[in-house]
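Me: Please go through the fold with me in questions and answers, with the cut-offs stated as we proceed.

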Amino acid sequence: MNILVIHGPNLHLLGRRRPEIYGKGTLASLNAGIKEHAAGLKIKVRVFQSNSEGEIIDLLTANSAWADALIINPAAYTHYSYAIRDAIDALETPAVEVHLSDISKREPFRRISVIKPVCLAQFKGEGPASYFKALDFCALMRK
Ligand code: DQA
C-alpha cells in the first residue's frame, strides 16, 4: 500500500512554533516516526511539506496515480482552502485529515474544517500519534 503524506504551511517550524501546542518535536522527527510506523505496517510513504496552496494541489495531482490513500495535515488551509478541498474531491484518492492539536478546542476559526467533508476520517489532538492513527486507519482499508 502506498500512502502520500502532506504537511501544510508552517509545519516546517515544528519544534520552535508554539511548543506548548504542537510539542517540542521537529518535522524531521515527526517524519522519522511516520516512516517507522508505516514500515511496521508494510506501507510505503512519500512525505512532503509545503507552505503553498498551489504546490499542495500539484503534489496531490502528481502523486495521485501512485497513492492508494492520502494523509493530510492542511494546517491553516484546513479552515478556508476550498481549492485543496476541491482537489481532494476531484482526485478521489481516499483521504484522512490529521492535526497535531485538537482544533475543536481552540479558537473559533480553527473549529471549522472545510476539508473534513471530503475525508474518510479526522484524527486530531494527539500530536504525532494523530498521524500514526491515520496510518493504522489506512492499513485497515487495505484489500
Ligand atoms: C494544525 C492546526 C491548524 O489550525 C494550524 O493552522 C496548524 C496546525 C495542527 O496540526 O494542529 O498549522 O493543523
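Me: How many bridges join strand S3 to strand S4?
Reply: Residues are numbered from 1 along each chain as its sequence is written, and side-chain values use heavy atoms, with hydrogens and water left out. This is a predicted model, in which local features need pLDDT of at least 70 and side-chain atom pairs count only at pLDDT 80 or more, while totals for chains, interfaces and linings use all residues. Strands (E, at least two residues) and helices (H or I, at least four) are DSSP runs numbered from the N terminus, and two strands pair if DSSP finds at least two bridges between them. Strand S3 (residues 69-73) and strand S4 (residues 95-99) run parallel, and the number of bridges joining them is three.

Me: Which residue of S4 is the bridge partner of Ile72?
Reply: S3 and S4 are joined by three bridges. For Ile72, the partner in S4 is Glu97.

Me: Which strands stand at the edges of the sheet?
Reply: The sheet is open, with five strands in parallel pairing and the order S2-S1-S3-S4-S5. Two of these strands have a single partner each, so one side of each is left without a neighbour in the sheet. They are S2 (44-49) and S5 (121-124).

Me: What angle does the direction of helix H2 make with that of S2?
Reply: Axes are lines fitted to C-alpha atoms, for helices over the stretch in contact, and angles run from 0 to 180 degrees between N-to-C directions. Helix H2 (residues 27-40) packs on the sheet, touching strand S1 (2-7) and S2, where contact means heavy atoms within 4.5 Å. The angle between the directions of H2 and S2 is about 165 degrees.

Me: How far apart are the end C-alpha atoms of H5?
Reply: The expected span of a helix is 1.5 Å times one less than its number of residues. The 14 residues of H5 should therefore span 20 Å, and this agrees with the distance between its end C-alpha atoms, 21 Å.

Me: Are H3 and H4 roughly parallel or roughly antiparallel to each other?
Reply: The axes of H3 (residues 53-63) and H4 (residues 82-91) come within 10 Å and cross at roughly 5 degrees. Angles under 35 degrees count as roughly parallel, over 145 as roughly antiparallel, 65 to 115 as roughly perpendicular and the rest as oblique. H3 and H4 are therefore roughly parallel.

Me: What is the relative accessible area of Glu92?
Reply: Glu92 lies in the loop between H4 and S4, and has a positive phi of about 60 degrees although it is not a glycine. Most residues other than glycine have a negative phi. Glu92 is exposed, with a relative accessible area of 67%.

Conventions. Buried < 20%, exposed > 50% of the residue type's maximum accessible area, 1.4 Å probe, protein only.
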